[in-house]
Amino acid sequence: MINQTEVKSLIRLLDDPDQEIYNHVHDKLLSYGSEAIGYLESAFEQAFDPIQQERIANLVHEIQFGILKTDLKLWHQSGSFDLLQGILVINRYQYPDLDEQKLINQIETIKRDIWIQMMNEASPVEQVKLINHVFYHLHGFSGNTTNHQDPQNSYLSQVLETKKGNQILLASIYSIIAQKLDIPVYGVNLPQHFILAYMDESQQSEMEGGVLFYINAFNKGFIFGRRDVDNFLKQLNLNFDKQFYEPCSNTDIIRRILRNLISSYEHLGSPDKVNELNELLSILD
């Protein structure tokens, strides 16, 4: 337990003009970690001095960013099995105080709406058509074509709220829901595009890599074949590479979400956010 009186006294010294005193106070408060956040937030509400407010806000962000880095490291080092957890960790960068259970429940609701209508003997294409019906028509998800550069397209909480997202977030939500229903749909890291593959584990052939067909989550779950991927790569003047056809790892997906965010914040001219997101990206190396 931290000493309340000491913390409150330290917070009062945050606007001290002496840089040495400020540095000492800053480091001491930072060492308390998450336990100090509540005190800092209530001091922020009572502070009238803009310097003190700014220093409190920066300190809260610094503590939260430190926790976020630890969370991402743990997710990565423990095998990055749970894609949803990885996406929730990234969401904390912009929305550290959100009720994450609420987001998990929203995904469970979509899953349940599909499960209720799912027939035991449905073929892979029928399964995907049902997911498409529930995901795009009943729940109203769509690709954000008008403001593709917006960083909000890369945050799960915002995509679930607005029902609009970029390719990778829509595809990730889609595959998370499919996998919860034991439907083998996984992300494929295509250049300039992120798609999904429906896998048939029983028919692993050397050439096809066990992919039955592909799904474009950004285009309302449009189903297409390997030849379309061939043509897309030809247009980009790219040579054949196995990774453009087969599922990628969850770590690859989180890397790509971070790269999208970096690109969005570069576009907005936010160098501090770009630097922090690059720091998060380096954790996944």
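Student: Which residue in β4 stands opposite Val188?

Tutor: In this predicted model, Val188 stands opposite Ile195 of β4.

Student: What makes β3 and β4 a strand pair?

Tutor: A pair needs at least two bridges. Strand β3 (residues 185-188) and strand β4 (residues 195-199) are joined by four bridges and run antiparallel. The two strands therefore count as paired. Six residues lie between them in the hairpin, and one of the hairpin's residues, Gln192, has a positive phi near 60 degrees.

Student: Why is Ser264 called buried?

Tutor: Buried means under 20% relative accessible area. Ser264 has 4%, so Ser264 is buried. Ser264 belongs to helix α11 (residues 250-268). Leaving out residues up to four places away in sequence, Ser264 touches Gln149, Asp150 and Pro151.

Student: Why is the pair of Tyr214 and Phe224 called stacked?

Tutor: Ring centres must lie within 6.5 Å to pair, and planes under 30 degrees apart count as stacked. For Tyr214 and Phe224 the values are 5.8 Å centre to centre and 25 degrees between the planes, so the pair is stacked. Tyr214 is in strand β5 (residues 211-216) and Phe224 in strand β6 (residues 222-224), ten residues apart.

Student: What makes Phe222 and Phe224 a stacked pair?

Tutor: Their ring centres are 6.3 Å apart and their planes are at 10 degrees, so this pair is stacked too.

Student: How do you know that the charged end of Arg226 sits over the ring of Tyr245?

Tutor: One condition is that CZ of Arg is within 6 Å of the ring centre, and another is that it is within 35 degrees of the ring normal. The distance here is 4.1 Å from the centre of the Tyr245 ring. The charged end of Arg226 is listed as sitting over that ring. Lys163 lies over the face of Phe141, at 5.4 Å from the ring centre. Phe141 is also in a cluster linked by ring pairs, with Phe135, Tyr136 and Tyr174.

Student: Which residues touch the most other members of the largest nonpolar core?

Tutor: The core has 59 residues, and those touching the most other members are Leu72, Phe135, Leu156, Tyr174, Ile254, Ile257 and Leu280. Helix α9 (residues 167-180) gives the most to this core, with nine residues. Another core, of 17 residues, lies apart from it and includes Ile11 and Tyr22.

Note on methods: Residues are numbered from 1 along each chain as its sequence is written. This is a predicted model: local features need pLDDT of at least 70, side-chain atom pairs count only at pLDDT 80 or more; totals for chains, interfaces and linings use all residues. Side-chain values use heavy atoms; hydrogens and water are left out. A nonpolar core is a set of buried Ala, Val, Leu, Ile, Met, Phe, Trp, Tyr and Cys residues joined through side-chain atoms within 4.5 Å. Buried means under 20% relative accessible area, exposed over 50%, partly exposed in between (1.4 Å probe, protein chains only). Contact means heavy atoms within 4.5 Å. Rings of Phe, Tyr and Trp (its six-membered ring) pair if their centres lie within 6.5 Å; planes under 30 degrees apart count as stacked, over 60 as edge-to-face and the rest as tilted.
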